[in-house]
Amino acid sequence: MQFTPALLAQYDGRFTRLKTPLDTPAAQRDPRVVETVSLMLIDIERRGLDAVLEYARDLDGWTGGDFALSTDRVAKSGDRLAPELREAIELGAERTQAFAKRQREGLVDFDVELEPGLHTGVRYVPVGRVGAYLPAGRFPLTASAFMTVGVAKAAGVPHVAACTPPQPDGGANDAVLYTAHVSGVDRVFVLGGVQALAALAFGLIDDLPADMLVGAGNAYVAEAKRQLFGRVAIDLPAGPSEVAVLSDAGADPAIVAADLLGQAEHGTNSPAALVTTDADHAAAVIVEVERQLETLATADICGPAWRDHGSVTVADSPEVAVALMDDLAPEHLEILTADDAWYHDRLRNYGSVFLGEWSTVAYSDKGMAGTNHTLPTAGGAKHSAGLSVARFLKPLTYQRVEREATPLVAPATATISRSEGMAAHEATAQMRLDRWER
């Protein structure tokens, strides 16, 4: 996350950078990734399932057999989990779906009569088929199905198929499977990477092609979704996970440091930014980050992320801190200040916000807070929100014009059409006006 040049010029002298991140492009925009994904998608579209299976063998070590899991296999995945993990998964599914269902209740069909006889309205209709990608690499994102499969089902999507990459033994991760099961998945395939998304989009493994692809993944998965967008809908373009903390002198440096490292753990290219109004606090956080890295089991990931993509900025006022943070537009934003509500009222650009020292991004990451963790990155929060039940719904408008409303719409329509030189448009309105006048 970097500040824009215009912002730097506007607030020059009103903040100090104690730590500046490297100016490097997101991994999935690597030209080599783009080219590889493009060639794979072309090949899979041309050769179909044969190409999918070939990539599965070469890239995932698939050795043959049916990669479509039976309903019974998916349902019994929970039996192979430790009881406390199974209970945690069930709790996450319950909370995430409860939040999504409440969101759905707020999206209400309506009909309004704008003028006598001129009826307009909206019907919220779910997309028909969703394909969800469920990562299961070094860090299986157990909660991913809560946010994709579960929220799609809360929206009323009738069919959700999921793909998850095979483990070293060739099978699926049981925790990921059980999360998909309790979230309401219809079908699960042990298939990973670009080939999984292509197979879903092209209708090579499920009964029909998916209408929408959702879910996190590595740089190749993210690029495949980007290139398939248009043929299918996607949740949103994804980049490395981000966190930003806005704190002041009263915040605990140890907590701030831990939360910065908590998201840096997602990958060595995950940005972590601190914006604060207190220089001593900023210095203390930097010291605390280095101290925690000394004993952190995942320092091999968090350390490079902090070194190369971490930043610390001291603003000379709360107003400047707000401007700086809105310019960063982070995926995850934590506010730990003496007046969190003041900042919350003024901040506008973020994927999701976590208020107060008792909140942490991890609660959302693991599904315990109920909100969705599929959020805009790379400044996308300036114009887009995260995945929600609304993304799986199409707000379909309708119009019904009765005879009596014809003079209210036809003459003006004919006038505008005539001014544009669009005679056929003008005729559709004028013919109705002529019939009304008879």
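Before the first stop, a word on charges: Lys and Arg count as positive and Asp and Glu as negative, while His and the chain ends are not counted. The place of a charge is taken as NZ of Lys, CZ of Arg, CG of Asp or CD of Glu. Colour the protein chain that way and you get 38 positive and 59 negative side chains, with the centres of the two sets 8 Å apart.

Two notes on what you're looking at. This is a predicted model, where local features need pLDDT of at least 70 and side-chain atom pairs count only at pLDDT 80 or more, though totals for chains, interfaces and linings use all residues. Residues are numbered from 1 along each chain as its sequence is written, and side-chain values use heavy atoms, with hydrogens and water left out.

**The whole chain**

Zoom out and show the cartoon: the protein chain has 17 helices and 15 strands. Those are DSSP runs numbered from the N terminus, with helices being H or I of at least four residues and strands E of at least two. The C-alpha trace spans about 85 × 60 × 40 Å along its principal axes.

Of the 438 residues, 50% are buried (under 20% relative accessible area; exposed is over 50%, and partly exposed is in between, with a 1.4 Å probe and protein chains only).

**Two crossing helices**

Select α10 (residues 253–264) and α12 (residues 299–309). Their axes come within 8 Å and cross at roughly 105 degrees, so α10 is roughly perpendicular to α12. The axes are lines fitted to C-alpha atoms over the stretch in contact, and angles run from 0 to 180 degrees between N-to-C directions. Under 35 degrees counts as roughly parallel, over 145 as roughly antiparallel, 65 to 115 as roughly perpendicular and the rest as oblique. Show side chains for L260, L261 and A264 on α10, and for I301, C302, A305 and W306 on α12: these make the contact (heavy atoms within 4.5 Å).

**A tucked-in valine**

Which loop holds V389? Look between α15 (361–365) and β15 (393–401). V389 counts as buried because its relative accessibility is 1%. Leaving aside neighbours within four places in sequence, V389 touches A100, Q103, R104, L107, V151, A154 and A155.

**Two alanines with positive phi**

Most residues other than glycine have a negative phi. A329 is not a glycine, yet has a positive phi of about 50 degrees. Find A329 in the loop between α13 (318–328) and β13 (332–336); at 0% relative accessibility, A329 is buried.

Next pick A378, also not a glycine, with a positive phi of about 55 degrees. A378 is in the loop between α15 and β15. Buried or exposed, then, is A378? Exposed, with a relative accessible area of 69%.

**Last stops**

Click A341 in helix α14 (residues 340–346), which is partly exposed at 48% relative accessible area. Finish at N218, in the loop between β8 (212–214) and α9 (219–228). N218 is partly exposed at 46%. Draw a line from N218 to D111: their C-alpha atoms are 43 Å apart in space, and the two are 107 residues apart in sequence.
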